[in-house]
Amino acid sequence: MDFQVVVLAGGTSKKLVPLVSKEVPKALLPVANRPVISYVLELLEQSNLKDLIVVVEGEESAFRVGGWISAAFVDRLHIEVATVPEDVGTAGALRAIAPHLTASDILVVSGDLVCDVPPGAVAAVHRRHDAVVTAMLCSAPVSGPSESGSSGGKDKVKKPSRCDVLGLDPTKQFLLHVAAGTEVEKDVRIQKSILRAVGQMEIRADLMDAHLYAFKSAVLLEVLDQKENFQSLKQDVLPYLVRTQLRSEVLANTSLQAEEKGNEKVSSQSNRVILSQLLANASTPSFHELYAMGPDGSACVRKRTHKCCVYIASKNKYCARLNSIQAFSDINRDVVGEANHLSGYSFSAQNNIIHPSAELGSKTTVGPHCMLGEGSQMGDKCSVKRSVVGRHCRIGSNVKIVNAVVMNHVTIGDGCSIQGSVICSNVQLQERVVLKDCQVGAGYVVTAGSEQKGESLAKREKSPSI
C-alpha cells in the first residue's frame, strides 16, 4: 500500500491526571488489563501495516512505552519509537519527525484509539480520490465527551455541550466544513465559496473525528513548515486544508490570503437542514473539478483545488478515544461488555473473564461484563458488577465494586464500597472506605472509614529541595 504509518502515543496528558504518571504514561493505561496502545497496534497489524513510527512525548514516557512495545511485539511489528518534547501537540510531533516521513502518503493514527475499523479502508478512499487528506469519522458517543474529565466532582456548573460540527457534500465523500469542539448552541458560519461550488451541504453534529488521517506527505510537510504556529492536526491543520481546498495556491509557497469576508450564517436550529437546493447536474465529476474549470466550463485557466475526503465508519463498528477520565471508564466497560470482541479474551458462559489463577471467597459473585485479573484474590461475600479488576489485587470480605476500574496490586480492606471510580495501581483502601465517582492516584492510601464522592485523590508531588 506504500503508506508510512505514524502512531501518536502522547505522553502524560493533563486531562488524565491522576490516572497517568511518569511511571504510567497515557499509552500504557490499561483497557481490560491491556495497555491502550496495544489495541491500535494490533489493528494495524491485522491490516498488514507492520512498519510503524510510534511518537511519544517525553524521554521517560518514551523509554517505558518503547520497553513495553519491544517485549510485546517482538518479531511481529517493526516499530521505531521517536521521542519528541512534551506538550508539542500532534502537529508539533509530526513536525519534529518530518525528516523521517519519506513515503508519498502518511497514515496518522492516535495511540488512544480503540476501534475495529480497518485503517486500510481509509487509505483506499484516500488513494481513490487522490485526496490531500482523508479523515475517518465515526458515530459520536451518546453521552458526549466529558468536559471536566470526570463523571463526578465538586464543580456542579453545567458546561455547554460541545461536539465536532462537520459539513459534508451530498455524496458524503468530501469534507467541506469542520469546527472541532464547537458549542452546540452556537451558530455555524459557512464559507460562501464552498457553498456556491457544491450547491448543497449537510451539517452533521452526530459524527466524531476519530483522529485517524491519511495525508499526502508533500502537502502535510509543506503546511507544517509554513505554519509554524500550528500545534494540532484536528484544531489547526485539518480546518486549514478544508478552508483552502478551492484556492489551493496557498499550498504552492504563497502566503495565506485573508479569509473571505462573506460567510453564510446557519442558525443552530437548522444545523441539520439542507442549506440550498442540489445543483442540477448531480452526476457530473466532483465539485472540485467543476469549480476548477470555471463558470463557462472552460479548462483553459484551471484553478488549483485539492480534495479533503472522509471515510464514515458504519454504525455497527466500535470507535472511541481514551482522551478523558470518563472515556477511560466507558471504554473499559465496553471492551468487557458490548465490544468484547476487541478484548482478545475468551469469555465464560457467564459472560465474564476470571483468570484461572484468581481466587474467590465463599458467596462471592462476579457478574457479567466483568474481568478479574491474574493472581487476584477476593474474600467472602463480595460482589463485582460491570467492573475490571487488575492483576494481583488483594480484596477483603464484604466488598462491593460497581462500574469501576481497579488496576494492579491494589489492596482493598473489608467492608469497602467502590462505585463509578478508578483505582490506580498500588493503592491501599483501608477498611470500610466508601468511594463514589472518585479517582485515586497510584500508591495513595485512603484511611479507614473515609467516605468520598467526586474526588480526585493523589499523592502530592514532592517539591525539589533548594
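Let us begin with helix α4, which covers residues 119-129. Helices here are DSSP runs of H or I with at least four residues, strands are runs of E with at least two, and both are numbered from the N terminus. Within α4, the buried residues are Pro119, Gly120, Val122, Ala123, Val125, His126 and His129. Buried means under 20% relative accessible area, exposed means over 50%, and partly exposed lies in between, with a 1.4 Å probe and protein chains only.

Please note that this is a predicted model, in which local features need pLDDT of at least 70, side-chain atom pairs count only at pLDDT 80 or more, and totals for chains, interfaces and linings use all residues. Residues are numbered from 1 along each chain as its sequence is written, and side-chain values use heavy atoms, leaving out hydrogens and water.

What covers the buried residues of α4? The cover includes α1 (37-46) together with the strands β1 (3-10), β6 (105-110), β8 (133-139), β13 (207-216) and β15 (308-312). After α4 comes Asp130, with a positive phi near 50°.

Turning to the whole chain, there are nine helices and 35 strands. Of its 466 residues, 52% are buried. Among contacts (heavy atoms within 4.5 Å) between residues at least 6 apart in sequence, 56% join residues at least 24 apart.

I now move to the aromatic rings. The whole structure holds three aromatic pairs. Rings of Phe, Tyr and Trp (its six-membered ring) pair if their centres lie within 6.5 Å; planes under 30 degrees apart are stacked, over 60 edge-to-face, and the rest tilted. One of the pairs is Trp68 with Phe73, edge-to-face at 5.8 Å centre to centre and 70° between the planes. Trp68 counts as partly exposed because its relative accessibility is 24%, whereas Phe73, at 3%, counts as buried. Tyr213 and Phe215 form a tilted pair, with 5.7 Å between centres and 55° between planes; both residues are buried.

A charge also sits over a ring: Arg34 lies over the face of Tyr39, 4.0 Å from the ring centre. The criterion is that NZ of Lys or CZ of Arg is within 6 Å of the ring centre and within 35 degrees of the ring normal.

Finally, the cysteines. How many disulfides does the structure hold? It holds zero, where a disulfide is a pair of cysteine sulfur atoms within 2.5 Å. For Cys115, the nearest cysteine sulfur belongs to Cys319 and is 4.7 Å away. Cys115 has 5% relative accessibility and therefore counts as buried; Cys424, at 1%, also counts as buried.
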